[in-house]
Amino acid sequence: CLSDTSFLKTKFLLFGQTAPFQGPSGSNGPALQAGLLSAFKLQNDLGGVAGLRLILWTLDDESNVTVAVSNAVALMKRGVVGLVGLFGTAICEAVAPVSMAKSVPLLGPLTGSAVVRQNIFTSTLNLRAGFVDEVNAMVNFLTSEYTFFRISVFYQTDAAGTSGVTAIAAALDAVGLRVFSNGSYAPGTVDPTSGLNQMINGGLPYEPQAVIVWATGQMAVNFVRLAKARLSASVVYIGSASIGADFASNFGPGTANVFVTQVLPPLSSLDYPSVVHYLSAARSLFGSRYLSSPFAFEAFMTGRVLITMLQKVPSSSLADPQKLIQGVYDNELFVADGLTYGRFKASACNQGLRQVWVSRCSNFTFTEIPSMTFSFPSSCTSDPKTSLRRAVVFGHLIAEDSISIASRALAAEHSVALRASFSAARYVDGSNIHLENFTFSFSESTEDLSARLQAFLKENHVLALISSDRSAALLPGIL
């Protein structure tokens with residue numbers, strides 16, 4: 001029950017949260033609340049903002065869109081300064097127009113939805129990178145770090161799943177590729193076998209080199225486990241931040257080739273002030289309960305950014321939701337715990353962070369891959385046509401049965417030297433450069449050698465061939 005708030009407003013800044021404490025996402029609500037409370041306590045211990053203490057009212061939406069909208073309306077009627085820490089794409093998309101109609105800020109919704117990033121929703125202040133940005137980071141990682149060209153997708157057949165596949169296809173198209181094969185499943189399905197079979201059969205006779213797992217939590221885990229049992233050990237799997245917690249809690253020691261994109265630095269990366277501050281604040285308030293929760297961390301940073309925004313608004317306007325929104329667009333840029341948010345621009349950009357982190361999942365935690373952090377500082381969201389580059393691939397011809405032992409030794413030395421020089425250069429005009437070996441034997445028939453070489457050139461998108469052994473020039477009628 002929400003009572004009259006007129007007295008409270010003279011001493012406190014009131015913020016409202018609708019979050020799931022029951023239903024399919026019920027385990028996430030306590031973490032989201034804990035993250036915000038940790039951030040608020042840090043500031044309240046310092047005297048609040050302009051002498052006003054921060055208060056959080058949280059209502060249970062039971063993972064239900066209708067209940068969430070009703071909660072948001074009730075909170076706004078009671079005069080909250082803003083709505084914070086909402087969770088889930090469907091709920092955030094439903095609440096965004098309601099908060100817009102009331103000119104009450106919806107700050108830091110935990111979704112990468114493109115809908116709430118539309119410029120018409122000026123009262124929605126997104127902090128994390130969007131789903132499209134995560135997709136572009138995935139494709140950048142798979143095509144630059146690994147130079148993969150056979151990239152499949154496993155997804156759920158709902159609006160979020162199909163929009164994800166569309167974004168993946170656009171990102172792959174930007175680097176001259178297409179989705180290698182698809183596997184899908186209906187919402188509510190728990191067995192990934194049918195979807196995995198669909199994906200495998202769609203790529204025959206080849207296996208995918210990597211799979212983008214655009215699925216919900218437990219299904220994503222079930223899929224990766226089954227795929228690892230049936231596909232080659234070298235296949236790489238990467239999922240989005242929304243399933244990161246599920247991956248971390250299920251993949252322990254010995255897990256290989258499982259990655260996630262993250263919308264904040266991984267909690268194992270203590271070089272980031274945001275991570276250190278969160279771990280300290282959460283530990284002091286809740287012990288060890290939420291120290292590994294990416295959702296609690298994201299909610300904590302939502303609180304930290306909110307406080308930074310409030311500190312830039314005139315004290316006389318702190319309790320005015322419209323003035324808070326205007327203050328964000330007037331100031332544009334905010335730095336909280338070492339992370340930069342913005343530039344926010346009214347009717348042009350309502351997204352803060354311009355980074356996506358890529359992490360390896362193993363031993364029940366995440367390890368950042370610093371070289372693969374995907375940044376787009378000059379644009380509101382990333383555009384695959386301008387932020388992605390197709391890798392430049394050279395083929396290295398190596399004859400197994402070279403004319404002499406000296407020739408074979410020289411070829412091996414050349415291979416090492418070429419790889420070292422390519423690794424040192426790494427980029428040409430923004431594109432990654434890679435070397436792929438093609439080993440052949442002069443005992444092969446012309447037909448077999450020709451077929452293998454043509455397949456190698458096509459599969460690896462080879463720009464040019466390099467020979468370290470003059471005997472390679474004897475390839476009759478092949479090149």
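## The largest nonpolar core

A nonpolar core is a set of buried Ala, Val, Leu, Ile, Met, Phe, Trp, Tyr and Cys residues joined through side-chain atoms within 4.5 Å. With that in hand, we can look inside this structure, which is a predicted model. Its largest nonpolar core has 54 residues, and the members that touch the most others are Leu 13, Phe 15, Tyr 278, Met 309, Leu 310, Tyr 341 and Phe 344. Helices and strands both contribute: at least two residues each come from β1 (12-19), α1 (28-44), β2 (53-60), α9 (273-286), α10 (294-310), α11 (321-331), β11 (334-336) and β12 (339-341). The biggest giver is α10, with eleven residues.

Setting aside neighbours within four places in sequence, Tyr 278 is in contact with Leu 267, Tyr 290, Leu 291, Ser 293, Ala 296, Phe 297 and Phe 300.

## A second core

There is also a second, separate core of 43 residues, and its members include Phe 148, Val 153, Ala 167 and Leu 449. Two of these names come up again below.

## Helices α4 and α5

Ala 167 is one of the α5 residues that meet α4; the others are Gly 164, Ile 168, Ala 171 and Leu 172, while α4 brings Val 132, Val 135, Asn 136 and Val 139.

How are the two helices arranged? Helix α4 (residues 131-145) packs against helix α5 (residues 159-174) at an angle of about 45°, with the axes 9 Å apart. The pair is therefore oblique, and α4 passes α5 in a right-handed crossing.

## Phe 438 and its surroundings

Leu 449 turns up among the contacts of Phe 438, a residue that also touches His 396, Leu 397, Ile 398, Arg 452, Leu 453 and Phe 456, not counting residues up to four places away in sequence. Phe 438 belongs to strand β18 (residues 431-440).

Is Phe 438 buried or exposed? Its relative accessible area is 3%, so Phe 438 is buried. Leu 465 lies 27 residues from Phe 438 along the chain, and their C-alpha atoms are separated by 9.4 Å.

## Helices α6 and α7

Another helix pair worth a look is α6 (residues 193-203) with α7 (residues 217-230): their axes come within 10 Å and cross at roughly 50°. These helices are therefore oblique to each other, and α6 passes α7 in a right-handed crossing.

On the α6 side the contact is made by Thr 193, Leu 196, Asn 197, Met 199 and Ile 200, and on the α7 side by Phe 223, Leu 226, Ala 227 and Arg 230. These residues divide into six nonpolar, two polar and one charged.

Terms used:
Residues are numbered from 1 along each chain as its sequence is written. This is a predicted model: local features need pLDDT of at least 70, side-chain atom pairs count only at pLDDT 80 or more; totals for chains, interfaces and linings use all residues. Side-chain values use heavy atoms; hydrogens and water are left out. Axes are lines fitted to C-alpha atoms, for helices over the stretch in contact, and angles run from 0 to 180 degrees between N-to-C directions. Helices (H or I, at least four residues) and strands (E, at least two) are DSSP runs, numbered from the N terminus. Angles under 35 degrees count as roughly parallel, over 145 as roughly antiparallel, 65 to 115 as roughly perpendicular and the rest as oblique. A crossing is left-handed if the near helix is turned anticlockwise from the far one by less than a right angle, and right-handed if clockwise. Contact means heavy atoms within 4.5 Å. Buried means under 20% relative accessible area, exposed over 50%, partly exposed in between (1.4 Å probe, protein chains only). Ala, Val, Leu, Ile, Met, Phe, Trp, Tyr, Cys and Pro count as nonpolar, Asp, Glu, Lys and Arg as charged, and the others, Gly among them, as polar.
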